[in-house]
Amino acid sequence: MSDTPPATILIVDDARLNRVLLETKLAGEGYRFVQAANGQEAVARLADNPEIDLILLDLIMPGMDGYAFLQWRASNPRAQKVPVIVNSSLDDFDSIVRALQMDSYDYFTKPLSDDDLRYILPLKIRNAVNSKRLMEETTRQNEMMQQELDLAARYQGFLLPDDSDLPGVRITFHFQPCSKVGGDYFDFLEIGQDKVGFVVADVSGHGVAAAMTASIVKALLPGYLAGQGSPGRALEALNDDLVRLTQEDSFVTCFAAIYDRPRQVLTWSTAGHPPAIFLRPGRQPEQLVYSSMFLGVFASDQVEVAYADQALPVAAGDRLVLYTDGLTENPNPAGEQFGLQRLEKIVAQGGNKTIEELKRYLQASLVEFSRGVFPDDVAIILAEF
Amino acid sequence: MEVNVTTEGQKARITVSGNIDERGAEELKRRFLDLDIPKIKDVVLDFSEVTFVGSAGIGKLLLLYKNLAPHGGSIRIENMSKDIYTMFKVVKLDKVFDISAIQ
């Protein structure tokens with residue numbers, strides 16, 4: 001902190017002699033001084049001199065006294081950040097405790113000894129000013145980071161699809177990021193005239209890096225799905241990109257599917273994503289899952305990286321439920337997870353609800369279960385054929 | 001979450017207890033980085049006291065694997081709970097780690 005500007009100190013004391021004495025004794029420390037004769041003047045000086053780093057405050061003064069000033073300071077956010085060292089002739093326990101309870105940094109009784117003036121007070125001033133400046137710097141950096149995160153969150157908003165139906169499929173979704181920017185991504189798209197593509201992906205971790213990876217998935221996967229005509233081959237192509245582009249300890253789980261309307265077939269594939277749920281009216285739900293490796297960890301020619309296509313006949317009224325693990329792994333206060341079974345049960349029992357009603361019911365169940373605490377992004381997509 | 005590491009020659013034994021959530025994963029990564037990776041061939045993780053492994057934790061296990069594998073190192077994870085064992089199988093991590101469930 002040696003290259004920071006010298007501290008500016010506001011001396012508040014009704015006795016001019018005391019103010020001059022303090023200035024003279026502390027002159028060797030290189031401070032700048034501003035003076036005030038009571039609380040009102042101190043308020044005015046603070047407004048005129050925003051550079052003030054510390055206040056040396058007397059307590060007994062005519063007009064607004066030291067306690068009244070401390071009280072005013074408590075309700076003024078800017079003044080609160082300026083530390084106060086009290087210097088008063090009141091040396092009883094109650095006065096000292098009261099001043100310290102009112103958020104004073106330290107308390108010196110008058111008269112100050114030579115040692116106090118030469119060593120202790122300058123050291124206390126240095127500590128108080130340093131911590132104030134550190135706090136200002138941290139606040140400034142936090143604000144900057146918050147602005148960047150807000151910006152990133154706004155960009156990520158563009159990633160989400162419109163809540164609209166596609167030919168032959170009704171769709172509704174709910175998305176709730178846990179810390180403004182997250183790594184969940186989902187999309188549905190028309191492929192040619194007869195097909196509809198579905199994608200849900202979850203990048204491990206949160207924050208800007210995860211959101212960037214989600215953007216990469218968004219930029220590449222819909223094109224691969226449309227171009228390859230096969231969810232499995234699209235996942236393989238995406239895997240090879242992600243192996244090159246992502247950090248060593250991050251990976252992506254993904255479920256991708258293509259619905260062929262004239263043939264009434266849903267072709268799906270998964271890369272380590274939690275099981276999608278498929279429900280035929282009046283039947284038990286089916287889990288769409290098989291053993292498969294995440295994306296972005298091993299190249300497609302290494303360690304059993306293979307994403308096979310699975311075909312499923314589809315009839316009108318069938319439902320597909322996609323989600324990310326933020327739903328099923330959401331804990332309740334006891335640490336128990338929401339879980340796949342609970343989700344399956346809600347989906348199975350919600351057969352007579354519309355998908356919008358089911359979505360709202362699912363959201364409400366999650367809030368009730370988790371008591372409103374969501375440590376991860378939660379994405380829920382409901383489709384009805 | 002608590003992590004206890006003991007090393008002996010080419011072997012490291014790591015006992016983890018609790019929830020490997022995002023914060024736990026960072027702690028795990030810190031402990032992995034403390035290992036003398038070039039010297040270590042066999043890592044055994046004891047998961048008997050592990051209740052949950054999130055995706056961040058899996059990421060750190062894969063990071064350790066990627067650092068060990070180039071010089072022939074391997075990772076065994078023992079005493080996994082049934083749920084964690086099943087989850088590792090579903091995402092094919094049984095092909096990466098030598099895993100076994102608690103008896």
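A:Gly339 counts as buried in this predicted model, at 16% relative accessibility. Buried here means under 20% relative accessible area, exposed over 50%, and partly exposed in between, with a 1.4 Å probe and protein chains only. A:Gly339 sits in the loop between helix 9 (325-328) and helix 10 (340-349) of chain A. Helices (H or I, at least four residues) and strands (E, at least two) are DSSP runs, numbered from the N terminus. A:Gly339 and A:Asp325 are 14 residues apart in sequence. Their C-alpha atoms are 9.0 Å apart in space.

The model is predicted: local features need pLDDT of at least 70, side-chain atom pairs count only at pLDDT 80 or more, and totals for chains, interfaces and linings use all residues. Residues are numbered from 1 along each chain as its sequence is written, chains are lettered from A and ligands numbered from 1 in the order in which they are written, and side-chain values use heavy atoms, with hydrogens and water left out.

The secondary structure of chain A comprises 11 helices and 15 strands. Its radius of gyration is 32 Å, well over the 21 Å that the globule rule gives for 385 residues, so chain A is more spread out than a compact globule. The radius is taken over C-alpha atoms, and the rule is 2.2 Å times the number of residues to the power 0.38. Along the principal axes, the C-alpha atoms of chain A fill a box of roughly 95 × 45 × 35 Å. Of the 385 residues in chain A, 49% are buried.

Contacts (heavy atoms within 4.5 Å) were also computed for chain A. Among those with a separation of 6 or more, 67% join residues 24 or more positions apart. The accessible surface of chain A is about 18100 Å². Carbon and sulfur atoms hold 52% of that surface. Areas come from the Shrake-Rupley method with a 1.4 Å probe; for residues, only the protein chains shown count as cover.

Helix 8 of chain A covers residues 231-245, 15 residues in total. From first C-alpha to last, helix 8 reaches 21 Å, close to the 21 Å expected at 1.5 Å a residue. The expected span is 1.5 Å times one less than the number of residues. Its buried residues include A:Leu235, A:Leu238 and A:Leu242. A:Asn239 and A:Asp241 are also among them. The buried residues of helix 8 pack against helix 7 (208-228), strand 9 (252-260) and strand 10 (265-271) of chain A.

A:Ile96 lies in helix 5 (residues 93-101) of chain A. A:Ile96 is partly exposed, with a relative accessible area of 23%. Neighbours within four places in sequence aside, A:Ile96 contacts A:Leu90, A:Asp91, A:Tyr107 and A:Thr109. A:Ile96 and A:Thr109 are 13 residues apart in sequence and 9.0 Å apart in space, C-alpha to C-alpha.

Backbone geometry was examined next. The peptide bond from A:Lys110 to A:Pro111 is cis, with omega near -5 degrees. A:Pro111 lies in the loop between strand 5 (106-109) and helix 6 (114-157) of chain A. A:Arg371 is not a glycine, yet has a positive phi of about 55 degrees. A:Arg371 belongs to the loop between helix 11 (355-370) and strand 15 (378-384) of chain A. At 62% relative accessibility, A:Arg371 is exposed. B:Lys92, also not a glycine, has a positive phi of about 60 degrees. B:Lys92 occupies the loop between helix 3 (82-90) and strand 5 (98-101) of chain B. At 11% relative accessibility, B:Lys92 is buried.
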